[in-house]
Amino acid sequence: YRVLSDASFEGITITSDGMILDTNEQFASWLGYEAHELLGIPELELLAPEERARVLRLSKTPDVAYESVMTRRDGSTFPVEVRGRFVAFRGKSVRMATVRDITERKQREARLQAESLRDELTGLYNRRGFMELAQKELEAANRVRSSSALFFADLNGMKQINDQLGHEMGDHAIRAAASVLSEIFRPSDVITRLGGDEFAVFVSGCDEEIASAICSAIEHAVERVNKELRARYRLSISVGFAVSAQRQLDLSSLMQEADTDMYRVKRGRHARGSLRILPN
């Protein structure tokens, strides 16, 4: 048992009445101890405080598997997967558990989760990310009766850019619009490419006056970008918004109002002729 235990890449513990009777070097090294230093220590003391009550209940269940968080000697924590069962050991029934450090797996899962919420072309949140994050932000704002704003933005003349200049230039315009929005809004705001040439941004703590100022700032940023880009098109973005104020609106209602306001702005731009394809 000792040879197999110390050769294992997994941590192994044997406990009785919650006290550690034996452990291998792998488990001890993860925690920053020598194996002999852990003998007689309550197993729960090695867990993050918020995990102890839950793990205490689970540890009484035969043949159980669960994830938890352990605390190292220096106070840092790391995630683990634990599989425990009751076995006979030195003439008594004890709980034997194998412990696996799943830090890399959790990091990989976090990366995949982050990627699933991001738009590949712009790096902004995608529609799924927007619906998840904006909903949470709106619920938090509604609880404290704080005003929030939802912005809808749409690139003008995207079909003409794609048809006359090609889709590569269309992608260029979408990235340019994303850059403008990222510049104007805060990192904490939920800036999103919903798809195609449509964008949305959810902003907490934003009233009508601030929202109007933001729209003006976007206009000025677009003008500056057009001077800097010197592309064969003039970037043009129509932006509308809706403010929740004290109305306790749900996300769907805010989106509908912002979309309606954006199309009002877009119709006004269309009447003035907002897009120009520049000659070679």
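Mentor: Let us start with Pro-79, which lies in strand β4. This is a predicted model, in which local features need pLDDT of at least 70 and side-chain atom pairs count only at pLDDT 80 or more, while totals for chains, interfaces and linings use all residues. Residues are numbered from 1 along each chain as its sequence is written, and side-chain values use heavy atoms, with hydrogens and water left out.

Trainee: What makes a stretch a strand or a helix here?

Mentor: Both are DSSP runs numbered from the N terminus, helices being H or I with at least four residues and strands being E with at least two. Strand β4 covers residues 77–89.

Trainee: Which residues does Pro-79 touch, not counting those up to four places away in sequence?

Mentor: Contact means heavy atoms within 4.5 Å, and Pro-79 touches Ser-68, Val-69, Arg-100, Asp-101, Ile-102, Thr-103 and Lys-106. By contrast, the C-alpha atoms of Pro-79 and Arg-193, 114 residues apart along the chain, are separated by 33 Å.

Trainee: How many bridges join β3 to β4, and in what sense do the strands run?

Mentor: Two strands pair if DSSP finds at least two bridges between them. Strand β3 (residues 64–71) is joined to β4 by eight bridges, and the two run antiparallel; Thr-71 has Thr-77 of β4 as its bridge partner. The two strands form a hairpin with five residues between them, and in the turn Gly-75 has a positive phi of about 95 degrees.

Trainee: Moving to α8, how do you know that its length agrees with that of a helix of 22 residues?

Mentor: The expected span is 1.5 Å times one less than the number of residues. For the 22 residues of α8 (residues 208–229) that should be 32 Å, and the end C-alpha atoms are 31 Å apart, so the two agree.

Trainee: Which residues of α8 are called buried?

Mentor: Buried means under 20% relative accessible area, exposed over 50% and partly exposed in between, with a 1.4 Å probe and protein chains only. In α8 the buried residues are Ala-211, Ile-214, Cys-215, Ile-218, Ala-221, Val-222, Val-225 and Asn-226. Because they cover an arc of only 140 degrees around the axis, they are on the same side of α8; that arc is taken from the directions from the helix axis to the C-beta atoms. On the face turned away from the buried side are the exposed residues Glu-209, His-220 and Lys-227.

Trainee: What do the buried residues of α8 pack against, and what caps its N-terminal end?

Mentor: They pack against β6 (148–155), α7 (167–184) and β9 (237–243). The cap is Asp-207, which has a side-chain oxygen 3.3 Å from the backbone nitrogen of Glu-209. A polar contact is a pair of N or O atoms within 3.5 Å, where within protein one must be able to donate a hydrogen and the other to accept it, and residues adjacent in sequence count only if both atoms are side-chain atoms. After α8 comes Arg-230, whose phi is positive, near 55 degrees.

Trainee: Why is Cys-206 called buried, and why is Cys-215?

Mentor: Cys-206 has a relative accessible area of 1% and Cys-215 one of 16%, and as the limit for the word is under 20%, both qualify.

Trainee: How do you know that β6 is mostly covered?

Mentor: Eight of its eight residues are buried, with Ser-148, Leu-150, Phe-152 and Asp-154 on one side and Ala-149, Phe-151, Ala-153 and Leu-155 on the other. Ser-148 has a relative accessible area of 0%; beyond its neighbours within four places in sequence, its contacts include Phe-202, Cys-206 and Ala-242.

Trainee: In what sense does β6 pair with β8 and with β9?

Mentor: β6 pairs with β8 (residues 198–204) in the antiparallel sense over seven bridges, and Phe-152 stands opposite Ala-200. With β9 the pairing is likewise antiparallel over seven bridges, Ala-153 standing opposite Val-239. Since at least two bridges are needed, both count as paired strands.
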